[in-house]
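The sequence and structure come first.

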There are 2 protein chains.
Amino acid sequence: MAIRIGIYGYGNLGKGVEAAVAQTPDMELVGVFTRRDPASLKTQTGAPAFSADAAISMRDDIDVMILCGGSATDLPEQTPALAEHFNVVDSFDTHARIPEHLASVDAAAKRGGKVAVISVGWDPGLFSLARAYASAVLPEGEDYTFWGRGVSQGHSDAIRRIDGVLDARQYTVPIDEALARVRSGEAPSLTAREKHTRECYVVAKEGADLAHIEREIKEMPNYFADYDTTVTFISMEEMKEKHMALPHGGRVIRTGRTGLDKGHSHTIEYSLSLDSNPEFTSSVLVAYARAAYRLYEREDAGSKTVLDVPPALLSPLSHEELIKKLV
Amino acid sequence: MAIRIGIYGYGNLGKGVEAAVAQTPDMELVGVFTRRDPASLKTQTGAPAFSADAAISMRDDIDVMILCGGSATDLPEQTPALAEHFNVVDSFDTHARIPEHLASVDAAAKRGGKVAVISVGWDPGLFSLARAYASAVLPEGEDYTFWGRGVSQGHSDAIRRIDGVLDARQYTVPIDEALARVRSGEAPSLTAREKHTRECYVVAKEGADLAHIEREIKEMPNYFADYDTTVTFISMEEMKEKHMALPHGGRVIRTGRTGLDKGHSHTIEYSLSLDSNPEFTSSVLVAYARAAYRLYEREDAGSKTVLDVPPALLSPLSHEELIKKLV
């Protein structure tokens, strides 16, 4: 029996989940739940669209609901509300608020006897795993996370909110020299500025004060002030021609020392290079939807992160095949 | 209460475990079990040495026994024999025989209500994890494992068995061009010869037929015949000066495509660069010893591989700290 999947929210991530489910023979897509008028929504695969309000009435038709809303306002409400009725997976990525989100989802999931896997994707998600494994294996060492080269949607949005800006794309770029120092095992202390640069491509309104926009960007606290930032003004045509893709990636590196005299150095590096950030994140969500369903079958209710899930549960392979082919 | 660790077998791996336990405040080393005369064995840290025969009589003093014997003859006997009496971790690495080893250890562990985690290290071990996660996330794709640059002890031993050879060191070296093709996402089919070269450093007996030794090496089936192999004869002095370390490493790369039209390519790469292969392997064993003990506390008896163990169990951090610091 295929695992019956629902998609809640149909933006880039929801579309990515739709495509990823089509790649997995052990799952079938029941439909997409939207806050828009479902009659007006045409899905990529022709999967039916339902009103978000109808979701709970379909609780018996869906094994796992994959939540594809945003972390700022959608998921803090939606995940606890739905986790009582469905096994759920979400990509909640506001790192500082994960403990609080985990707790509120846990209460709901336990009330309903359901499983919720939260903060799934690549960071948090696969990068969390890389950090956890590496720090357990090399207890005396240092972790470093680098992002990019890739589009940061949060930083792009921040630029778009500046007066006079029509569109913007921000690329986060790791600094090669910092990477080399980290890999060497010297365990450097690095500031934000020493790790990444920020490249901004901006389409301004006709007649806008470009110098003012550039200054607003470069001085924006948290987002840009602590980085070496470049701003390049381009035409809308160039934006559409060169900057519509959403590539991303990054790496987690841990270096550490072993031996009674700490004489040996080791480097563990986990890296991703992604043509499409939303499609890859969706693919991780779908693998964890399989795990969520299996945990539910084991009656292991409550909320989990990727650190709580045995890796074997992510795979469509049987345990026997997994051991034979992958161990 | 610290987790009480025993080390069974005191070669390179056992010494590495001794050093790794010293780096972990939540563990204490009870002692080393040896088939040699324990009175003659002086450990690096001054930990007591006991006769291997006395191990079972100390079953109540040890929470996890870490088995540090070899995969060829030691572990197939020792792990099932000890898993009935102790929680155990081993580094059994004969890939083809893992299913059989898992089954024989499972029966013993379940008889004793104990936990056994087998085939722990980096390959099998961390590389198995890398393959399992990556193939679950990118179901349409290809896996590649490259080893090196590093010393293969099995290949070095094979050369040492040739008549006229006093000592030998074999380095496995990945071929850059193959790595570049794999990372590009083209998903090439690669032969053994296209992926790695083998560099051999050999000390010959005085008067030995060097041309004959070189031919014996290069034509050895399984070990060398399928590779471009270089043989360099060196003096014993040079061997001792330049080739006594046991560095190793390698990488697991998976490339795969997503999207309804398979329009996006992604690369996941997990790599290790290790100054000391045995010390790093030991560090992985020690992290899984912690997990084995926690699984035992949960009464989850039987044999497991790394794929069955939730990553959170490897860490000395509390679940709360883990979520806060690493997710």
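## Cavities

The structure holds 3 cavities of 30 Å³ or more. On a 1 Å grid over the protein atoms alone, a cavity is a set of points where a 1.4 Å probe fits but cannot get out, and lining residues have an atom within 4 Å of a point. Grid points are joined across faces, edges and corners, and a volume is the space filled by probe spheres set on the points. The model is predicted: local features need pLDDT of at least 70 and side-chain atom pairs count only at pLDDT 80 or more, while totals for chains, interfaces and linings use all residues. Residues are numbered from 1 along each chain as its sequence is written, chains are lettered from A and ligands numbered from 1 in the order in which they are written, and side-chain values use heavy atoms, with hydrogens and water left out.

The largest cavity has a volume of about 210 Å³. It is lined by 19 residues, and A130(A), Y133(A), Y270(A), Y133(B) and Y270(B) are the closest to its centre. Two or more lining residues come from each of α4 (126-137), β12 (248-258) and β13 (264-274) of chain A, and from each of α4 (126-137) and β13 (264-274) of chain B. Helices (H or I, at least four residues) and strands (E, at least two) are DSSP runs, numbered from the N terminus. By residue class, this lining has 17 nonpolar, no polar and 2 charged residues. Ala, Val, Leu, Ile, Met, Phe, Trp, Tyr, Cys and Pro count as nonpolar, Asp, Glu, Lys and Arg as charged, and the others, Gly among them, as polar.

The second largest cavity holds about 50 Å³ of space. Its lining includes A20(A), S283(A), R290(A), A136(B) and P139(B). α10(A) gives the largest share, 4 residues. The lining divides into 6 nonpolar, 3 polar and 1 charged.

## Second largest pocket

A pocket is an open set of grid points with protein on both sides within 12 Å along at least five of seven lines. Of its 37 lining residues, D93(A), S152(A), Q153(A), G154(A) and N277(A) lie nearest the centre. α5(A) gives the most to this lining, with 4 residues. The division here is 13 nonpolar, 19 polar and 5 charged.

Beyond its neighbours within four places in sequence, M65(B) is in contact (heavy atoms within 4.5 Å) with residues including I7(B), F33(B), F86(B) and V89(B).

## Two serine sites

S71(A) is in the loop between β4 (64-67) and α2 (74-83) of chain A. S71(A) has 13% relative accessibility and therefore counts as buried; buried means under 20% relative accessible area, with a 1.4 Å probe and protein chains only. The side chains of S71(A) and D93(A) are joined by a polar contact of 2.8 Å. A polar contact is a pair of N or O atoms within 3.5 Å; within protein, one must be able to donate a hydrogen and the other to accept it, and residues adjacent in sequence count only if both atoms are side-chain atoms.

S152(B) lies in the loop between β8 (150-151) and α5 (153-160) of chain B, and is also buried, at 13% relative accessible area. Its side chain makes a polar contact of 2.7 Å with the side chain of H155(B). Not counting residues up to four places away in sequence, S152(B) touches Q170(B), T172(B) and H248(B).

Technical notes
Buried means under 20% relative accessible area, exposed over 50%, partly exposed in between (1.4 Å probe, protein chains only).
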